[in-house]
Amino acid sequence: MKKMVSVLLLATLAFSARAQQHSDYIKALETPSGGQGTVTVTESAGVEAAVGQFVAARATGKVRGFRVSIFSDNSQTARYESEALCENFKTNFPDIPVYREYKSPYYKVTVGNCLTRADASVVLSKIQATYPKSIIVPADDIPLSVFMQ
């Protein structure tokens, strides 16, 4: 997973800092230049969209991915329960990051930083015995920097 992100980052960094469109690069590659060979680029339909998403993520510093939700409640004791659950989780799974947030009216605790649902499934399988009500949820605000460590 880290290698994939590193390759994507390097590919993006190879592009101009001016954030030209992906199609501009393809056109530049396919344009014949004097006495040199011809380049033909064949790519799947989703490549341009994926590159666009990565460039946008680089600009904002955040990517879309998945986390595993282990708590979501709006009861009067939800704040204290979420704090206790975070501490308990850190003790049981010190290698998995834990996040506690308040989105009115819910206190939520999510864990992990996963680019794909498959990665989140691995995290879910590790913790499900301890947290049987946990589920995979989308996350739009995962810092890109956590994948560069």
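A: The answer begins with the chain as a whole and then turns to the charged pairs and their surroundings.

This is a predicted model, in which local features need a pLDDT of at least 70 and side-chain atom pairs count only at pLDDT 80 or more, whereas totals for chains, interfaces and linings use all residues. Residues are numbered from 1 along each chain as its sequence is written, and side-chain values use heavy atoms, with hydrogens and water left out.

The chain has five helices and four strands, where helices (H or I, at least four residues) and strands (E, at least two) are DSSP runs numbered from the N terminus. Read from that end, the order of elements is α-α-α-β-α-β-β-α-β. The average pLDDT, which is the predictor's confidence in each residue on a scale from 0 to 100, is 82 for the chain, and 83% of the residues score at least 70. Over residues 5-11 the pLDDT falls below 50, and beyond near neighbours in sequence this stretch has six contacts in the model, a contact being heavy atoms within 4.5 Å. Residues 13-19 also stay under 50, with five contacts beyond four places in sequence.

Turning to the charged pairs, a search of the whole structure finds five salt bridges, each defined as a side-chain nitrogen of Lys or Arg within 4 Å of a carboxyl oxygen of Asp or Glu. In one of them, aspartate 140 meets arginine 64 at 3.9 Å, N to O. Because aspartate 140 lies in strand S4 (residues 135-143) and arginine 64 in strand S1 (residues 62-73), this pair ties together parts that are 76 residues apart in sequence. Both aspartate 140 and arginine 64 are exposed; here buried means under 20% relative accessible area, exposed over 50%, and partly exposed in between, with a 1.4 Å probe and protein chains only.

Another pair joins arginine 67 to aspartate 141, with the closest N and O atoms 3.6 Å apart. Arginine 67 belongs to strand S1 and aspartate 141 to strand S4, so this pair links parts that are 74 residues apart in sequence. Arginine 67 is buried, at a relative accessible area of 7%, while aspartate 141 is partly exposed at 38%.

A salt bridge is also found between arginine 100 and glutamate 83 (3.5 Å, N to O). Since arginine 100 sits in strand S2 and glutamate 83 in helix H4 (residues 78-92), the pair ties together parts 17 residues apart in sequence. Arginine 100 is partly exposed, with a relative accessible area of 35%, and glutamate 83 is partly exposed as well, at 30%. Salt bridges link Arg79, Glu83 and Arg100 in a network.

With 0% relative accessibility, serine 82 counts as buried, and a polar atom of its side chain lies 2.8 Å from the backbone oxygen of arginine 79. Leaving out residues up to four places away in sequence, serine 82 touches Phe71, Arg100, Tyr107 and Val109.

The nonpolar surroundings complete the picture. A nonpolar core is a set of buried Ala, Val, Leu, Ile, Met, Phe, Trp, Tyr and Cys residues joined through side-chain atoms within 4.5 Å, and of the 21 residues in the largest one, Val68, Ile70, Phe89, Val111 and Ile127 touch the most other members. S1, H4, S3 and helix H5 (117-127) each supply at least two residues of this core. Apart from it lies another core, of six residues, among them Phe54, Ile142, Leu144 and Phe147.

Serine 134, placed in the loop between H5 and S4, is buried with a relative accessible area of 4%. Its side chain reaches the backbone oxygen of tyrosine 131 at 2.7 Å, and, neighbours within four places in sequence aside, serine 134 is in contact with residues including Val68, Ile70 and Ile127.

Technical notes. Polar contact = N/O pair within 3.5 Å; in protein donor to acceptor, adjacent residues only side chain to side chain.
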